[in-house]
Amino acid sequence: MREALTYARVMMVDRPIAPVLGVTSFVSDWINRHGFYPTFQFNDILGCPGFRLVMNLLKREILLRSLDVPAKASLATLTQRLSGTGVVMRSPSLAVNLRASLDTLPLLHHQPRDKGRYLTSFIGCLESEDGTWNLGFYRAYVAGPRKLVIFMDARTDGHRIVNDGLKRASAVPITLFNGGPLACYLAAAAKLPVDLDSFEAAARLGGHALDLDRTNYPPAPTESEIVIRGVVTSRRETEAPFGEFKGYYCAPTLSPVIEVEQIKVRDEPSCLGLFCGKESGLTLMSLQNEMLLFAHLTSLGFVVDSITYPLTAKGEFLSLIRTPQPSVDLLDAAMAFDQRCKMFVVSEAGENLLGELAIFPLHSRLAPHIRHGRREGERVGIVCDRSVAYDWVEY
């Protein structure tokens, strides 16, 4: 993370600002006035002396540069790396300073009707049944100085690991870490194969060895800025409403309580913040979707130039697949692989997608869109058929 900051054009905010609605109100007002979202570093968070809070670091160009991945061949490079091997090493953690309470950390209350302060940019590490490490993003409500209520979608591996673990024991160990190598953020956001260790995947994506702390369980990257260790219990408490990435509040859930056992931070710590529904989180969503679908389609023998999940469709619900060989077979493979995406467009177009849609015949597919176990409309797929020969004008 610290190296990635050197790649960013950072706007410093030195005036005192509150973690409760102050930071996110400042960011929202800036976006409304200027129409873009820079990387901010807030240097004076009230109640959190010594901390710097970094917002919107996870831009695409910064992520790719931190991974040393060329922008023009990013999907092919990431796919090649993910199919290779990674080296995971052990070394002492740089987070050595104990903190007594979550209240000493710059954890934000993001939206006016959120239940309270939330962890949104911390990565959860759990041990899978086969001994591999599983990383994932889970929002966690700050319910007390040493208590969190964590929401885990029932479709996630983390939900399965915790439920299975609680059948065997009264609590499941968990580590929540912030900062460190950005490859871990991409690995945590991605829906990786169940048998692939997430730290191994991060090492592959990063293109070099990944250092984990050697003394703690579950581990965190050595370079993490903040490391919270605790146990997920069988107790349930209410979290939410929370302003979700789609732009509306999600309803309250009854979710597991985490009892926090230890909080450690680095010297002169930075906290990486993530404002749900804005550029950073959506970029992680879109990049991992593009990477995984590209890897899947090319593994089946399809020729793919690029895949884009636009941020305007929340990085998840529209997939634009550019290929020199558009086909219904490619479309079927994409729709079968990504069950959450609502619309797929397969074409040869680059910048002129709308022109391509206007000129060429279209073939379509429909499938039910299932959300939370019930049908909500349709999933749509479109292929632009360039087999028709046109007598093009000269100019």
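R60 is partly exposed, with 27% relative accessible area. In this predicted model, the R60 side chain meets that of E290 in a salt bridge, with N and O 2.9 Å apart. Where do these two residues sit? E290 belongs to helix α8 (residues 279-299) and R60 to helix α3 (residues 60-66), so their contact ties together parts that are 230 residues apart in sequence. E290 has a relative accessibility of 2% and counts as buried because the cut-off for that class is under 20%.

Let's turn to a second pair. E129 and R160 also form a salt bridge, and their closest N and O atoms are 2.9 Å apart. E129 lies in the loop between β7 (123-127) and β8 (133-137), while R160 is in helix α5 (residues 157-168), so this pair links parts that are 31 residues apart in sequence. E129 is partly exposed at 42% relative accessibility, and R160 is partly exposed at 28%.

R371 is partly exposed at 23% relative accessibility, and E376 is partly exposed at 30%.

| Salt bridge | N to O distance |
|---|---|
| E290 and R60 | 2.9 Å |
| E129 and R160 | 2.9 Å |

Notes:
Residues are numbered from 1 along each chain as its sequence is written. This is a predicted model: local features need pLDDT of at least 70, side-chain atom pairs count only at pLDDT 80 or more; totals for chains, interfaces and linings use all residues. Side-chain values use heavy atoms; hydrogens and water are left out. A salt bridge is a side-chain nitrogen of Lys or Arg within 4 Å of a carboxyl oxygen of Asp or Glu. Helices (H or I, at least four residues) and strands (E, at least two) are DSSP runs, numbered from the N terminus. Buried means under 20% relative accessible area, exposed over 50%, partly exposed in between (1.4 Å probe, protein chains only).
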